[in-house]
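Open the model in your viewer and keep the selection panel at hand. The stops below go from one selection to the next.

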Amino acid sequence: MSHHDDDLHGLLAEYETPSALVAACKKVRDAGYAKWDTFTPFPIHGIEKAMGIRMTGLPWIVLAAALVGLASAVGLQWWTNAVDYKFISSGKPMWSIPANVPVYFELTVLFSAFAALFGMLILNNLPQPSHPLDHLQAFGRVTDDRFFLYIEKGDAKFDLAETQRLLDGTHPVTVDAVNEDRRTSDQLPKPLVLTAAVIAVLALVPFAFIAKARATKTDKPKIHAMGDMDWQIKFQAQQPNPLFQDGMAMRAPEPGTVALDEHPDDEHLTAGKVDGQFVRTFPAGFKVDEATMARGKERYQIFCAPCHGVSGNGDGPVAQRAMTLAEGTWVPPTALGQDYLRQMAVGQLYDVVTNGVRNMPAYGSQIAVDDRWAVVLYLRALQKAKAAPVGDLTDAERAALK
Amino acid sequence: MAKTKETAKEGGFGDNIRMDGLASKLMGIAGGIGVIGLGASFGLGYTSDKSQFMHSYLTAYAWILSIGLGALWWVVLQHLVNAKWSTVVRRVGELLASTMPMLALLSLPIVIPALMGDSTLYIWADSQKMHADHLLHKKAAFLNRDFFVVRLVIYFVFWGVLSRYLLSKSVEQDKTGAPEIRSKLQGLCAPSMILLALTLTFAAIDFVMTLEPKWYSTIFGVYYFAGAVVSFHSFFALALMWLQKNGRLAKSVTSEHYHDIGKMMFAFTAFWAYIAFSQFMLIWYANIPEETEWYHVRAHGAWGTVSYLMVAVNFLIPFFGLLSRHVKRNRMALGFWAVWILVVHWLDMFWLVKPHMHTEHLPFSILDVTCTVGMLGLFIAAAAFASQKVNLVPIKDPRLEKSLAFENF
């Protein structure tokens with residue numbers, strides 16, 4: 001076989017069995033070559049060792065990507081839930097770890113999976129759109145029943161005669177000289193470039209629609225992407241239900257049912273009334289202490305603050321949102337520091353929390369009896385803070401006010 | 001393949017694969033420790049607090065049972081998926097799984113008091129208490145002494161027969177070399193895996209979850225299973241190391257096999273955390289009183305500290321500890337994490353059982369040590385008993401060559 005040295009790309013040895021290839025690998029490895037590779041129809045156990053391939057940095061890349069994924073997830077969840085768009089869900093705190101763990105998990109796995117795939121491709125110099133071996137007829141059997149070892153001319157130790165002798169000594173079927181690929185252009189194939197360009201343009205289309213939707217207004221009804229969620233087949237409160245004899249969807253409790261925290265005999269505690277009059281004292285056994293106050297504050301901030309605001313000024317996020325939208329029917333929530341509310345009997349405040357008033361819905365079904373009283377206690381503290389008598393202030397605070 | 005020819009010689013095996021005198025020695029020592037440990041437990045329990053004894057005993061029993069069930073699950077899995085890497089170590093797994101009669105025997109101090117109506121552990125054992133609590137009336141059809149015994153008999157008969165059969169067929173192949181035993185056992189292991197999943201789930205419910213009969217978690221069986229698998233592989237790695245140290249399997253079991261066992265320890269550490277969190281998160285989110293009650297106890301005071309500790313010692317620390325391949329291939333390092341996992345899995349069982357006894361403080365006791373050591377001794381003695389007359393490697397299994405020559409990529 002003759003060729004110009006300029007044209008030579010490398011030497012390809014062909015073997016009939018995996019074990020012959022593995023034995024050849026050991027010889028090439030021990031001869032100190034670096035730019036060489038093997039090609040087989042299936043993975044061969046132990047060939048990495050025979051080729052002298054060391055561990056790559058891929059595990060570290062994957063670990064780093066996993067930690068970046070975890071950090072991104074924590075940042076994403078914290079920013080969206082606790083900072084940028086505060087939204088109370090199921091009465092949980094704005095920022096609670098358990099609710100976010102699934103996202104931590106998913107992003108950690110996603111980042112590490114991508115890092116493993118793309119890191120592997122990059123470390124292996126893949127993808128390679130073309131290779132001089134592609135044009136070799138005999139190399140076609142690499143996907144079938146032959147095992148190949150290829151040494152590139154670019155290797156520092158490469159010497160045609162010497163390398164040929166080395167490969168001949170490994171009992172190959174043949175050793176072929178492989179020429180440089182002069183036929184394949186350096187440019188990417190036109191259809192590939194065109195396809196990529198079309199995909200890139202098409203990928204922008206959804207963003208264009210989103211941009212248009214954000215910039216324009218429409219009278220058309222919203223698009224229901226998931227009808228099953230928007231129109232669920234279920235009975236809702238106040239709807240008729242033919243399954244029951246009385247035709248109502250809502251079911252009354254069994255006669256005589258008493259919930260665990262209900263004390264039907266203690267009207268003061270459960271209704272805030274004695275003999276039809278709202279009570280002016282907290283129920284017997286109700287502890288006015290720091291723990292109760294803290295509990296009341298927590299319940300208040302979960303259930304009341306969305307409308308009435310954290311300080312009770314009637315400026316919670318729901319109210320602010322409604323004002324921004326300027327819907328004509330919106331009645332702003334009551335500011336809780338007003339005089340008539342400061343003088344209102346605690347029993348009546350308790351009753352409002354329990355049963356609602358005017359536009360305010362009833363919270364009796366969501367807040368337990370003791371917690372409702374704790375909310376009233378905290379409300380009293382808020383009111384006091386808004387109109388604190390001078391005598392309650394410390395000297396330093398009085399000085400600061402002057 | 002060349003390696004196989006060196007080790008598996010014609011008519012013999014180029015490695016020491018018989019326990020011989022070591023079996024009786026191990027039986028003597030482990031059995032002795034077991035008898036002393038449990039004897040001391042009964043003595044201390046009889047003279048002091050019965051509740052302390054019962055809860056310590058159940059903690060230790062849930063731990064040792066999980067290792068035995070993990071072994072049985074592992075053997076069934078190897079047959080089911082036709083695993084090749086594990087053939088050389090499979091017999092040791094079969095021997096560990098053949099401890100089922102001993103595990104059945106060890107359950108008696110839990111079962112007999114329950115049968116006699118003692119409600120120290122299980123309130124449902126006392127039909128009057130069941131009758132007095134309206135919330136339990138509907139559950140009485142399942143939670144009663146007679147049905148409890150029926151279920152336990154079903155579990156132990158199934159586990160015992162299955163483990164015995166898998167071992168005896170494998171040993172039979174040592175003699176006859178019949179290759180069809182492989183496919184026969186694979187076929188058997190498909191339905192067996194389903195039955196094993198069901199019996200393990202219900203056993204976890206019966207022994208542990210019914211301590212709090214008003215509480216329920218549909219994932220509880222999987223939680224117990226996750227702990228069983230991770231602790232079995234830890235025990236398995238230690239057992240193989242001990243055998244190799246005593247000159248058995250010294251040439252046949254390599255870093256490659258430990259690497260695979262280590263992978264399972266690592267994977268199931270993550271799996272345990274996944275399941276533990278899945279159980280917690282749904283209950284936390286839904287916030288329904290009859291479900292949160294169980295976590296409420298475990299989220300406050302001393303138990304709260306244990307719960308947070310469990311996140312670290314059962315997941316974060318071993319996860320990063322076992323992450324590297326070098327750790328899994330290093331016997332010292334793998335052995336360290338195996339011991340670690342067995343200890344923290346014990347803590348997991350403690351966390352499941354003991355809040356039933358004291359909701360405020362952690363009822364550690366010398367009985368925890370004596371019960372655990374005693375059961376561990378008897379468990380090892382039972383495995384040693386089964387190992388007396390068998391090879392430690394299924395020498396005629398058609399997959400053995402591949403297992404001996406196995407290398408991880």
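Predicted model: local features only at pLDDT ≥ 70, side-chain atom pairs only at ≥ 80, totals over all residues.

Select residues 18–30 of chain A, helix α1. Helices (H or I, at least four residues) and strands (E, at least two) are DSSP runs, numbered from the N terminus. Residues are numbered from 1 along each chain as its sequence is written, and chains are lettered from A and ligands numbered from 1 in the order in which they are written.

Within α1(A), colour A:L21, A:V22, A:A24, A:C25 and A:V28, which are buried. Buried means 20 or more other C-beta atoms within 10 Å of the residue's own, exposed 12 or fewer, and partly exposed in between, with C-beta atoms placed from the backbone. These residues lie on the same side of α1(A), because they cover an arc of only 165° around the axis (the arc is that of the directions from the helix axis to the C-beta atoms). Just after the helix, A:G32 has a positive phi of about 90°.

Next, go to A:G10 in strand β1 of chain A. A:G10 counts as buried, with 22 C-beta neighbours inside 10 Å. Which residues does A:G10 touch, not counting those up to four places away in sequence? They are A:Y150, A:I151, A:E152, A:K153 and A:V178, where contact means C-beta atoms, placed from the backbone, within 7 Å. The C-alpha atoms of A:G10 and A:Y150 are 6.9 Å apart, although 140 residues separate the two along the chain.

Now select A:L126 and A:P127, which are joined by a cis peptide bond with omega about 0°. A:P127 sits in the loop between α4 (97–123) and β3 of chain A.

Continue to A:D275, in the loop between β5 (273–274) and β6 (277–278) of chain A. A:D275 is not a glycine, yet its phi is positive, about 55°. A:D275 is exposed, with 6 other C-beta atoms within 10 Å.

Finish in chain B at B:D20, in the loop between α1 (2–7) and α2. Phi of B:D20 is near 45°, again positive in a residue other than glycine. B:D20 is exposed, with 11 other C-beta atoms within 10 Å.

Key
Expected span 1.5 Å × (residues − 1). Contact = placed C-beta atoms within 7 Å.
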